[in-house]
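Here is a short report on a model, read through its charge pairs, contacts and surface. Please keep the sequence and coordinates at hand.

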Amino acid sequence: MSVVAARVYDDHIEIAADSITISGEMKRTGTFSKIEAINDMIIGACGFCRETTLMWQFAKTHKPESATERDVLTFVVEFMKWKKDFGGEPNMENDYIIAYHGKLFEVQETFVNQVKDYVAIGAGMYFATAALYLDRSPKEAVEVACALNYYVSKPIVSFAMKIGE
């Protein structure tokens, strides 16, 4: 569930996310961040909180060697191995958006794509993508998704990274 939206501007990257967590048919809001600034990266996640928390833990001590699709893929594969050794599922369950060294990447399992304009992931991605297409900011895109999708809810959290960081 959730939504994470991101846009690459001339001088910075902005990423925003909602804060919903769902257990069965119960929702909580504002209790879990879907986006974190960790170890020179901004990582947004949509999917299972259990995997997201493992990604936050892994990212504290690991990062891609460089800001390329290949090195981000290596980072993801290392995470999957680490997660399996930790006792988790060996495959990637969540989708991620990762900003690193002024570049933006979308991650779906072992597919890594550098994004040069905008992207959204999660349950609210269609509404957020439409808003991004209409030149709204990631925060505004998440706000649209919060208004129109019942699996997305405020508060909205956002981070920015300068190009070249």
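Glu 93 has a relative accessible area of 28%, so Glu 93 is partly exposed (buried is under 20% relative accessible area, exposed over 50%, partly exposed in between; 1.4 Å probe, protein chains only). The side chains of Arg 50 and Glu 93 meet in a salt bridge, at 3.1 Å from N to O. A salt bridge here is a side-chain nitrogen of Lys or Arg within 4 Å of a carboxyl oxygen of Asp or Glu. Arg 50 sits in helix α1 and Glu 93 in the loop between α2 and β7, so the pair ties together parts 43 residues apart in sequence. Helices (H or I, at least four residues) and strands (E, at least two) are DSSP runs, numbered from the N terminus.

A salt bridge also joins the side chains of Glu 51 and Lys 83, at 2.6 Å from N to O. Glu 51 lies in helix α1 and Lys 83 in helix α2, so this pair ties together parts 32 residues apart in sequence. Both Glu 51 and Lys 83 are buried. Salt bridges that share partners join Arg 50, Glu 51, Lys 83 and Glu 93 into one network.

## Basis of the model

The model is predicted: local features need pLDDT of at least 70, side-chain atom pairs count only at pLDDT 80 or more, and totals for chains, interfaces and linings use all residues. Residues are numbered from 1 along each chain as its sequence is written, and side-chain values use heavy atoms, with hydrogens and water left out.

The salt bridge count comes to 5. One of them pairs the side chains of Asp 40 and Lys 63, at 2.7 Å from N to O. Asp 40 lies in the loop between β5 and β6, and Lys 63 in the loop between α1 and α2, so the pair ties together parts 23 residues apart in sequence. Lys 63 counts as partly exposed because its relative accessibility is 35%.

## The packing of α1

Helix α1 spans residues 49-59. Its buried residues are Glu 51, Thr 52, Leu 54, Met 55, Trp 56, Phe 58 and Ala 59. What do the buried residues of α1 pack against? Their partners are β5 (35-38), β6 (41-46), α2 (69-86) and β7 (95-100). Contact means heavy atoms within 4.5 Å.

Cys 46 belongs to strand β6. Its relative accessibility is 6%, so Cys 46 counts as buried. Leaving out residues up to four places away in sequence, Cys 46 touches Met 1, Ser 2, Val 3, Val 4, Asn 94, Asp 95, Ile 121 and Gly 122. Cys 46 and Leu 104 are 58 residues apart along the chain, and their C-alpha atoms are separated by 16 Å.

Phe 159 belongs to strand β11. Phe 159 is partly exposed because its relative accessible area is 28%. With residues up to four places away in sequence not counted, Phe 159 touches Ile 13, Glu 14, Ile 15, Ile 35, Glu 36, Ala 37 and Ile 42. From Phe 159 to Gly 44 is 115 residues in sequence and 9.8 Å in space, C-alpha to C-alpha.

## The loop between α4 and β11

Tyr 151 counts as partly exposed because its relative accessibility is 31%. Asn 149 lies in the loop between α4 and β11. Its relative accessibility is 13%, so Asn 149 counts as buried. Apart from neighbours within four places in sequence, Asn 149 is in contact with Ala 123, Gly 124 and Phe 127.

Ser 153 is also in the loop between α4 and β11. Ser 153 counts as buried because its relative accessibility is 11%. Ser 153 and Asp 71 lie 82 residues apart in sequence and 33 Å apart in space, C-alpha to C-alpha.

## The largest pocket

The largest pocket has a volume of about 250 Å³. On a 1 Å grid over the protein atoms alone, a pocket is an open set of points where a 1.4 Å probe fits, with protein on both sides within 12 Å along at least five of seven lines; lining residues have an atom within 4 Å of a point. Grid points are joined across faces, edges and corners, and the volume is the space filled by probe spheres set on the points.

The lining has 13 residues, and Ile 22, Ser 23, Gly 47, Phe 48 and Cys 49 lie nearest the centre of the pocket. β3 (20-23), β4 (26-29) and α1 each supply at least two lining residues. β3 gives the most, with 4 residues.
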